[in-house]
Amino acid sequence: MNLYPLGLRLDGRRVLVVGGGAVATRRVPALLDAGADVLVVSPELTPALHGLVTAGRLGWRQRRFQPGDLDGAWLVQVAVDDPAAAAEVSAAAEPRRVFCVRADDRTEATAWTPAVTRHGPVTVAVLGGGDPQRAVRVRDAIDQRLADGTIPVAGTVGTAPATAGPGPTGRVVLVGAGPGDPELITVKGRRMLAEADVVVADRLVPGLLLDELPARVELVDAAKIPYGPAAAQEEINRILVDRARAGSVVVRLKGGDPYVFGRGGEELLACVEAGVPVSVVPGVSSSVAAPAAAGIPVTHRGVAHEFTVVSGHLPPGHQLSLVDWPALARLRGTLVVLMGLKNLPAIAETLLANGRGADTPAAVVQEATTGAQRALTSTLGAVAGEAAAAGLRPPAVVVVGDVVGTLDRTD
Ligand code: SAH
């Protein structure tokens, strides 16, 4: 007999889950995500389900199933191992006309749960004709093709008008590409890339991400825009707005996170002012990823309970610098300096002059998370000289604080 597939709108509707173990723990989040009013009946719960009960997201009857538990339910998920207990639920569900999903025995179930993947507005649900592994295999293959853009999700793909004019579908998405490893972009960022008609990329964006773009995608290399830095930013803003107005999905791909020294805020405002729809997909920032890639946790219990990320683009004392370096020297936690390699001698000197100890551990991590990563561990007193001697180059982050080397110590 063929199945009849449906998308259930469970918002506010009661779903009963019988059982509180591993299977229930896996099933409940998707039910909650769909807005269902979930009631679990089970003498015991896993810690994860317990946490949801405590948070008020889940109802719980702490006992074995009774037929009356089905009152008001639209659907029941049976997540118990014991076939007799499961059969009892099925027997009670049938006369009440409540669809019953059975984890223990799909032949006894009146509804099957598919393998699912979601890409923005699209939900793909695969039923494997009684073979869950087959469903997962097919789902994964579709998932892969949705992620790499072979199956287009956006309605605009390939159909963006070439001429200027207000386009209903045009928009800009500021996407954080992560610190360098192409696998460190977020799932959502990757999906946006797959939907893009135009990609405007920064210098620090992982090249491999751009390699994957289909030929139909227009790639604008923001690093190659002539003019000075200020005019170049205006030009980038203009490109974002113009292409979106022409109906394109424009992805502005930026290294790390768009809002960490990335001028993402300026680009967002330019779009808002132009009336172009704009959204942001955060990224993994080098300010935490570069230390992590070198084995340095930016916080560690009992060692550092704060971390401060600062731009070292302008040297301490520079009239345009908004950084209060003497105040930073008095902090006890971790200091992460971005764009600070060139001014490292002046930065270290200022921190030392304002009270940070010369023996404070310090590290420099260059091209973190890429095949070219280099890291150097030193002290605040010596780091500038050693980084220069080692020939370290940007992009690099400087980390100052006792977290440096803390995971190496065995005592
Ligand atoms: N938005 C980015 C930072 C842009 S500022 C982010 O969130 O990561 C550019 C600076 O970031 C570089 O000068 C360097 O200090 C740092 N940086 C970026 N990628 C890096 C990497 N892979 N390794 C080390 N530092 C990196």
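Which residue in β3 is the bridge partner of V40? I looked it up, and the partner is W60.

**Ground rules.** This is a predicted model, where local features need pLDDT of at least 70 and side-chain atom pairs count only at pLDDT 80 or more, while totals for chains, interfaces and linings use all residues. Residues are numbered from 1 along each chain as its sequence is written, and side-chain values use heavy atoms, with hydrogens and water left out.

Entry 1: I took helices (H or I, at least four residues) and strands (E, at least two) as DSSP runs, numbered from the N terminus. Two strands count as paired if DSSP finds at least two bridges between them. β1 (residues 14-18) runs parallel to β2, with five bridges joining them. V18 has V41 of β2 as its bridge partner. From β1 the chain goes through α1 to β2, a right-handed β-α-β crossover. Right-handed here means that, with the strands pointing away from the viewer, the path from the first strand over the helix to the second runs clockwise. β2 also pairs with β3 (residues 59-61), parallel, over three bridges. β2, α2 and β3 form a right-handed β-α-β unit.

Is β2 (residues 37-41) mostly covered or mostly open? I find it mostly covered, with four of its five residues buried. Buried is under 20% relative accessible area, exposed over 50%, partly exposed in between (1.4 Å probe, protein chains only).

**Entry 2: α1 against α2.** I checked the axes of α1 (residues 22-33) and α2 (residues 47-54): they come within 9 Å and cross at roughly 35°. Axes are lines fitted to C-alpha atoms, for helices over the stretch in contact; angles run from 0 to 180 degrees between N-to-C directions. On the α1 side I list A24, T25, V28 and L32; they meet A48, L49 and L52 of α2. Contact means heavy atoms within 4.5 Å. By class, this contact has six nonpolar residues, one polar and no charged ones.

**Entry 3: the five-stranded sheet.** I read the order as β13-β14-β17-β15-β16, an open sheet with mixed pairing. β13 (307-311) and β16 (374-379) are the edge strands, each pairing on one side only. The twist averages 20° from one strand to the next. β15 (residues 361-366) and β17 (residues 396-400) pair antiparallel over five bridges. A396 in β17 is the bridge partner of Q366. Helix α9 (residues 286-293) lies across β13, β14 (334-338), β15 and β17, at about 75° to β17.

Technical notes. Nonpolar A, V, L, I, M, F, W, Y, C, P; charged D, E, K, R; others polar.
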